[in-house]
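Dear colleague,

Please find below the structure that I am handing over to you. My findings follow it.

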Amino acid sequence: MNLRQITIKDQLELKKVYFDSIQSLNEEIYSKEQKRAWSSQAWDNPNFEKSITQGKGWLLSDKGIILAFATRYPKNRIALFYCKGKSQRKGFGSKLLHKLEDEAKKEGLDSLLTEASLISYELFIKNEWKIIRKEKVTINNIVFERYKMIKIIKIN
């Protein structure tokens, strides 16, 4: 397994991981319409591109194939956090999360924020993140529920 920093050259492959991750979600949690609206954000939402080109991120790959990635943008927010469907529940998310947290600590940040999906919030909780509130967001006229979360990373 190879952990390395994301480069702009990775952008297309990261969009593929993002799309695969969302499309593999259980339809008891996210409907086909929700998955379609959400996965379109890789192409429709300029913040997706900014998170990759202006943010700081890491990816995990195996034999040159990207399996998972995560970015911080702005620097105190985990903006993108995705893993291919067949690679989920194998510890890749925890590995990436720890890397992002360690980098933020080295940069002197006090805390990190994120908006976690109904799927990923459990991973954040397992890693000592706290829920600030449950919120609703609309993407392409489709409503989603998610969790606004925080983790205090500075140890006084």
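This is a predicted model: local features need pLDDT of at least 70, side-chain atom pairs count only at pLDDT 80 or more; totals for chains, interfaces and linings use all residues.

Residues are numbered from 1 along each chain as its sequence is written, and side-chain values use heavy atoms, with hydrogens and water left out.

Helix packing

Helices (H or I, at least four residues) and strands (E, at least two) are DSSP runs numbered from the N terminus. The axes of H1 (residues 11–23) and H2 (residues 32–39) come within 9 Å and cross at roughly 165°; axes are lines fitted to C-alpha atoms, for helices over the stretch in contact, and angles run from 0 to 180 degrees between N-to-C directions. H1 is therefore roughly antiparallel to H2 (under 35 degrees counts as roughly parallel, over 145 as roughly antiparallel, 65 to 115 as roughly perpendicular and the rest as oblique). On the H1 side, Tyr18, Phe19, Ile22 and Gln23 meet Lys35, Arg36, Trp38 and Ser39 of H2, where contact means heavy atoms within 4.5 Å. This contact has four nonpolar, two polar and two charged residues (Ala, Val, Leu, Ile, Met, Phe, Trp, Tyr, Cys and Pro count as nonpolar, Asp, Glu, Lys and Arg as charged, and the others, Gly among them, as polar).

H1 also packs with H4 (residues 46–53), at an angle of about 125° and with the axes 11 Å apart. That angle makes H1 oblique to H4. Gln11, Leu14, Lys15 and Tyr18 of H1 form the contact with Phe48, Glu49, Ile52 and Thr53 of H4.

Largest pocket

Strand E4 (residues 77–83) gives the most to the lining of the largest pocket, with seven residues. By class, the lining divides into 24 nonpolar, 15 polar and eight charged residues.

Backbone geometry

The peptide bond from tyrosine 73 to proline 74 is cis, with omega near -15°. Proline 74 is placed in the loop between strand E3 (65–72) and E4. Glutamate 128, a residue other than glycine, has a positive phi, near 70°; this glutamate lies in the loop between helix H6 (121–126) and strand E6 (130–139).

Yours sincerely
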